[in-house]
Amino acid sequence: MLRRTALAAAALLGLGAAGDAMAQAAPDQLKTIRDRGVFRCGVYENVPGLSALDAQGNRVGFDVDYCRAMAAAVLGDGSKVEFRTMTLAQGIPALKSGEVDMIALALTYTIQRDTELGLDFVGPTLYSGHAFMVHKRSGATKLADLNGATICLVAGGITDTLISDYFRARNMTFRPVAIENTTQMYALYEEGRCDVVTSEVPFLGMRRSRLRNPADHLILPEMFAKSHMGPVVRDDDRAYSHVARWVHFALVNAEEMGITRENVARMASESRDPAIRRFLGVEGEIGIKMGLANDWTQKVIAAVGNYGEIFDRHYGAQSVIKLPRGLNALAFDGGLQWSPTWR
Amino acid sequence: MSGLATLWLRPGVRAAVWQALAAAAVLAALLWVAGNIAGNVARRGLDIDFGFLAGRASFEFGENLIGYRPGDTFLTAFLAGLANTVLVAVLGIVLTTMVATLLALARLSRNRLLSRLAWIWIEAVRNTPLLLQLLFWHQLTIRTLPAPRQAWELLPGTFLSNRGLVFPALYWQPAMGLALAALAVAILAAVMLRRLALARGDGPALRTGAPLLLALGAPAVLFAAAAEPLHGSVPALRGFNFQGSIAVSPEFVALLLALVVYQAGFMAETIRSGILGVPKGQVEAAASLGLSRLQQLRRVVFPQALWIIVPPVTSQYLSLTKNSSLAVAIGYPDLVRVSQVTIADTGRAIECITILLLVYLSLSLFTAFLMNLYNRYLMRRRG
Amino acid sequence: MAAGLAAAASLPRPPPVLARRRFGFAAGLFDTWPNALVTLLLVWLLIRIGIAMWDWAIVRGVWEAETAEQCARTGGMCWAFLADRWRLILFGPYPYAQQWRPALAMVLFALLLGASLAPALWAERRSRLALGIAWPVTIAAIAALLWGGVLGLPAVPSRLWGGLPLTMILASVGVSGAFVLAILLALGRRSDMPVIRAICTGFIEFFRGVPLVALLFLASVLFPYFVPPDWTMDVLLRAQIAFALFFAAYMAEAIRGGLQAIPRGQYAACESLGLTYWQAQRRIILPQALRTVIPSLVNIFIAAFKDTSLVVIISMIDLLGAANASTAEAKWWGLYIEPYLFVALIYLAICAVMSAYSRGLERRLGLGER
């Protein structure tokens, strides 16, 4: 009896050792996702513009579209996404543990995250910076006025440290009120718990437009830190990282070429332009060599449209905030969004 | 029949085998999980290393008891978070016990309006999630209190606003240390004095008055004799907020309120059933001795009810401590918040969660240990 | 959160019927000066609160509005928002056109639960048998309704489940799973074998000592570390397991209380009849012990029902999560009180009914008169 127990225990121990052996096998993320048949993507539960539910319970938003684009590229179907809603604080641990394939949480691109934490950034898909919004009645008009302020910020990101560094360097003090849920954070700011609320400029603009009296609030013109954001994947599988980065480039490239959700099918079948044909996978074998279907770009654009369309839908002309493209315009138009040459 | 089979029939042997099996299974499961963690961590090119605790944390914390500043180590930050968690837990436990006792008495009141309202209150707080109540109290605190410019001045130099309660901070003087030491000694002496007076059967003046005078008077006299004039910083509204002062934040107040209100609802019912569990004859006997209602409660009912109340109340104290981890939902800087920022900064999720689990576990076991000691003391007194 | 558990795990002793019953309601309201003062104060308070509520909800309430801004003008209750969003709050992201399915499933479940909780039905053999058949059938029906994919119902994956049905599923499946484990743990903790006792005690104390938030974080975010690579498990299932382990610890303590209440003579009698340990537990000891702890078990269920609100942190849109999500769309930004008040009332109504039942059961089982 005892021997049998010992044997069983040994067998279980052996399983543990097998775990060690598997440690050596290089992960093949594309295969894993295909075997699973669904793309797992970490998004916010409720940050309007980035990821939220519409009245019919569909998840919509800028980040959500990047998840769908990935699913379209890898699985050929933009609807095969399993959204895992999470807070900023849970994002990186969930990604690193393998719980999700990508997080689209508008994470700021930093050297530490890229080199130390083992992450690969996509994009940046949104160029911006951290700014402050204040109650006009406080009389503050510039960053130097904020000494001693109580500042509402999203918990679990790097905003804490960025403000801390900025204030310490200028011998200024502040009191943080760190909240996980952004809706709650803006409610607290509006109620006057905080003098100041901080976030990236587009998100501040979006939120201000919905405060009770938008005119009572001022977004300070200076940014205290830059924040160029994008979805993030683990950096332990180069082929997969490439796919993630090139999905973004494909979206930008499609805008540069004038390919939209509406005309993509027609372009693929009718266009004679070899550049467009190559891009859409009608010619050449770019997709196959990446480990994807050759027409993956068509699938991506059919699912979410090009970069300009995504931006317009959630931030731009078709959204409530009507954010100008600014830095996020195509490089052709003087912005920072660009795509490498597609060949 | 073989020897092995007879051996199996002996209960002692059977028990030993079952136990060995169970131990082996549990051990194997634990080893399996440990092996998986090691394998997965290696596979992702990570490591498990608590060395990050010595690194510099550069986030601002808000209120903390131990003087953490950005630039201190992560370890200091964790200690600051722990101090905040413990502060809420200890204050919460004390206040909950008081509120619960009052609620229980209200429930038992002869005034039926009072007892009915207390019942409705208890039902309402017991039957909605704590998380919801926490959000509610937080909103209520912030919406009720005025902005800093319209702050209510409760006492000279003490202001209440939606930034919290601020009061003057005194600069440390040697005389204060002296006074604190005197206070400790005086309290000890007062306790002994009271025991003596009780044993001799003195009147209330000697029983209560004298020790109280001693406990408060001695340090005050000493302080007055030794101190230079008091100087401190009076809160002043400068720029946005009151500066140069100690503050209690609305988050702290809201968290404490939510924990106390919620937990007191449960504890009140425990205390009530404890009181009702005291045999009626005891109360009648006390009444026939001519004790007033309050005296009956204090001298006869409560001491006996304690025997029934202490074990369940212990688990309620544990719950309160654990529930304080919801603080993170409203931004009170407790242990969970520190681990959150640390994870965001260093990516050390496994390590931080391990610390979190171990700390809460030790807090729980420590509380349970203290309460068990108290329970044993009660049992001994009961004889 | 776990306060309900703690309270439930310690067998509450119901009050003996108090003698004051025979004075009418007014008795004790004005008999002494302090009492009269308290009464007057309370009446004044009630009137003040009543007027304030009436003013906020009815007088200044807004029934017709398209956006949060229009609603904010009077500063009253925004009924228009609830009218627009109640289905999202109740059913979360479940496909809009299919929401009759979870609704029907909830009704079925409530009926089943209501029927099984009537002690009258437990006594008779025939009704017990009927219940025994009704349970698997109803559960199969509920599963078919929710998942779909049969009888022409479109399939709905579990990640789209949400709102009240999700809260109910989490609580009831979690508690059922916990129940089995809890019995074993309770018996183990009272076992004569020191190793078994140590294992069970360790398990119980561990799960009672750590916050549920941390457990759910482990289950949702760090789970992949604990299993071999590429093992996957549905998040819903993981949450269920985390809940089951957590509640099992509390339930085990409640059951242990019931076991302790069984007179030693019963054990001796079993032994003298020559029953084995398991026979004795199954036929004699457990039926008696469990009977006495049913009210505590119901209380644990209530606690579980409320505690499921913590799944908000692990990607699930339960009732509270759906309330969060209901203000997501731009036109309703800035609303804060209404969704939370709405779900608070739902929690309150359901939990109050269950706790009233638990009190009634206590009285009926005559636990107070032991």
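The C-alpha centres of domain 1 and domain 2 of chain B lie 43 Å apart. The model is predicted.

Colleague: What makes residues 3–44 of chain B domain 1?

Modeller: The bounds come from an automatic or database domain assignment. That assignment for chain B gives 3–44 as domain 1, and 74–171 + 231–382 as domain 2.

Colleague: How do you know that β1 and β2 of chain B pair?

Modeller: Two strands pair if DSSP finds at least two bridges between them. Strand β1 (residues 152–155) of chain B has three bridges to β2(B), so the two count as paired. They run antiparallel.

Colleague: Why are Phe159(B) and Ser161(B) called buried?

Modeller: A residue is buried if 20 or more other C-beta atoms lie within 10 Å of its own. Phe159(B) and Ser161(B) are buried, so each reaches that count. Over chain B, buried residues make up 38% of the 383 residues.

Colleague: What makes a residue part of the contact between chains C and B?

Modeller: Its C-beta atom must lie within 7 Å of one in the other chain. The contact takes 54 residues from chain C and 57 from chain B. On the chain C side, α10(C) gives the largest share, eight residues. That side has 42 nonpolar, eight polar and four charged residues.

Terms used:
Residues numbered from 1 in each chain as written. Chains lettered and ligands numbered in written order. Predicted model: local features only at pLDDT ≥ 70, side-chain atom pairs only at ≥ 80, totals over all residues. Buried ≥ 20, exposed ≤ 12 C-beta atoms within 10 Å, placed from the backbone. Helix = DSSP H or I, 4+ residues; strand = E, 2+ residues; numbered from the N terminus. Contact = placed C-beta atoms within 7 Å. Nonpolar A, V, L, I, M, F, W, Y, C, P; charged D, E, K, R; others polar.
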